Amino acid sequence: MGLIIKDKIPMFMRGYPTVSDKYNVSGGILSGNTPAKFGDLVKTSGTAGYFLPAAGAANVDAICGFILATNVKLAEDWPGKTVQVNPGEAFNLMVNGFMAIELAADATLASITPNAKVCVTLATGICTTADKFTAATIPYLPNVVFTGMYEKTADNKILAEIYIK
């Protein structure tokens, strides 16, 4: 029982694969001045292999994918609790597979159903459910769907499993 924290083991961890050996990745380097967290979306930077956090993307075509969490990465200002990818650091870009992402606070839980489309708010780079769709500002992410599994954490964050085709 020593591993169970409070009243349960978390079902999902942001940015981590949910099916252990069924995913493909590509390498990338975070550019710009803004760090990114595991599970965040990234967009093109204009230089091959270099990516920026997706917030402020002009359109959904500029978005390249999600940052996949690594098993070993020290927290910032260790023993701090913030684990992130800093500008200039390499990361794994999820090409296809299953992973857990954090959704916007206003995401509709009833809309997280198998094969439901995932949307992204271009201004923030944060994913949400398809009922929030607006073509110009909250478009569908191509080839990304929900599996129907989600978890609402104790601090009211919504983590959902997605499948990137």
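Leaving aside its neighbours within four places in sequence, which residues is Leu103 in contact with? They are Ile112, Ile126, Cys127, Thr128, Phe146, Ile158 and Ala160, where contact means heavy atoms within 4.5 Å.

A word on the source: this is a predicted model, in which local features need pLDDT of at least 70 and side-chain atom pairs count only at pLDDT 80 or more, while totals for chains, interfaces and linings use all residues. Residues are numbered from 1 along each chain as its sequence is written, and side-chain values use heavy atoms, with hydrogens and water left out.

Back to Leu103, which lies in strand S5, residues 90-103; strands are DSSP runs of E, at least two residues, numbered from the N terminus. Leu103 counts as buried because its relative accessibility is 3%. Buried means under 20% relative accessible area, exposed over 50%, and partly exposed in between, with a 1.4 Å probe and protein chains only.

Now the rings. The whole structure has four aromatic pairs; rings of Phe, Tyr and Trp (its six-membered ring) pair if their centres lie within 6.5 Å, and planes under 30 degrees apart count as stacked, over 60 as edge-to-face, the rest as tilted. Tyr16 and Phe38 are edge-to-face, because their centres are 6.2 Å apart and their planes at 80°. Tyr16 is in the segment before strand S1, and Phe38 in the loop between S1 and strand S2. Phe38 is buried at 7%, whereas Tyr16 is partly exposed at 22%.

Phe98 and Tyr163 are stacked, 4.5 Å centre to centre with 20° between the planes. Phe98 lies in strand S5 and Tyr163 in strand S9, so this pair ties together parts 65 residues apart in sequence.

Note on methods. Helices (H or I, at least four residues) and strands (E, at least two) are DSSP runs, numbered from the N terminus.
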